[in-house]
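Please open the model in your viewer and keep the sequence panel beside it. The tour below moves from one selection to the next and says what is to be found at each stop.

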Amino acid sequence: MHIYILLKQHGQWSNGSSQAMVRKLCDLIELKDELVYTQGKPAFLHSNYFLSVSHSAQVMAIAIADQDIGIDLEKNRDIKTDVIDRVKLDEDQPLMDWCRREAVVKLFNDHDYLFKPAPEGLCFTPLEVYDGFTCVLASHHKPDDIKIFHLKEETL
């Protein structure tokens with residue numbers, strides 16, 4: 001599994017910017033496959049690789065694996081008490097719980113998982129990708145050999 005961490009030098013990543021970055025990354029690593037987006041979830045049309053993307057502030061994470069995955073990345077911050085109560089987040093680690101839930105949302109492409117329990121047996125892998133950020137990978141099986149690559153935006 002490869003996880004590419006892209007750092008935007010100026011400003012923050014905007015919604016919709018991930019599509020262009022994923023296409024540029026695929027060109028850079030010579031992954032020649034057509035990308036499709038089904039209700040927002042990116043997928044390769046002809047290969048056996050799976051893809052998940054997340055961004056927060058100036059950092060973007062693009063995960064490519066040989067199993068279906070979901071990744072979420074959030075800049076470290078306090079989560080308001082009303083959000084913790086409304087979503088029923090773990091009060092001791094609300095940001096980690098939020099990232100786990102968002103990763104499951106992306107794994108299944110189902111926003112209801114923000115408010116309901118994840119299916120039994122999922123594997124959650126916390127990732128140290130960038131200082132000041134929390135990142136979690138959700139998958140059906142424990143990923144083997146995770147490699148993290150840090151790139152600057154202009155590399156693509």
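**First stop: Ser17**

Select Ser17 and show its side chain, which reaches the backbone oxygen of Ser14 at 2.6 Å, a polar contact in the sense of a pair of N or O atoms within 3.5 Å, where within protein one must be able to donate a hydrogen and the other to accept it, and where residues adjacent in sequence count only if both atoms are side-chain atoms. Ser17 belongs to helix α1, residues 17-28, and Ser17 is buried, with a relative accessible area of 13%; here buried stands for under 20% relative accessible area, exposed for over 50%, and partly exposed for what lies in between, with a 1.4 Å probe and protein chains only.

Before going on, note that this is a predicted model, in which local features need pLDDT of at least 70 and side-chain atom pairs count only at pLDDT 80 or more, while totals for chains, interfaces and linings use all residues. Residues are numbered from 1 along each chain as its sequence is written, and side-chain values use heavy atoms, with hydrogens and water left out.

**The whole protein**

Zoom out and colour by secondary structure: the protein has three helices and nine strands, where helices (H or I, at least four residues) and strands (E, at least two) are DSSP runs numbered from the N terminus. In order from the N terminus, the elements read β-α-β-β-β-β-β-α-α-β-β-β. Buried residues account for 46% of the 156 residues, and the C-alpha atoms fill a box of roughly 45 × 35 × 30 Å along the principal axes.

**Glu34**

Next select Glu34, in the loop between α1 and β2 (35-38), where Glu34 is partly exposed at a relative accessible area of 45%. Leaving aside neighbours within four places in sequence, Glu34 is in contact (heavy atoms within 4.5 Å) with Ala43, Phe44, Leu45 and His46. From C-alpha to C-alpha, Glu34 and Leu45 are 5.4 Å apart in space, although eleven residues separate them in sequence.

**The sheet of β6, β8 and β7**

Now show β6, β8 and β7, which in that order make an open sheet of three strands with antiparallel pairing; two strands pair if DSSP finds at least two bridges between them. Because β6 and β7 stand at the edges with a single partner strand each, one side of each is left without a neighbour in the sheet.

Five bridges join β7 to the antiparallel β8, and two places to look are Leu127, which stands opposite Cys135, and Pro126, whose bridge partner is Val136. On β7, Cys123, Thr125 and Leu127 form the covered face, whereas Phe124 and Pro126 form the uncovered one. Five residues lie between the strands in the hairpin of β7 and β8, where Gly132 takes a positive phi near 85°.

**Last stop: helix α3**

What does α3 lie across? The helix lies across β6, β7 and β8, running at about 145° to β6, with axes being lines fitted to C-alpha atoms, for helices over the stretch in contact, and angles running from 0 to 180 degrees between N-to-C directions.

Eleven of the 15 residues of α3 are buried, so α3 is largely enclosed by the rest of the structure; among them are Trp98, Cys99 and Arg101. Their cover includes β3 (41-44), β6 (69-75), α2 (81-87), β7 (123-127) and β8 (133-139). End at Asn109, which follows α3 and has a positive phi near 55°.
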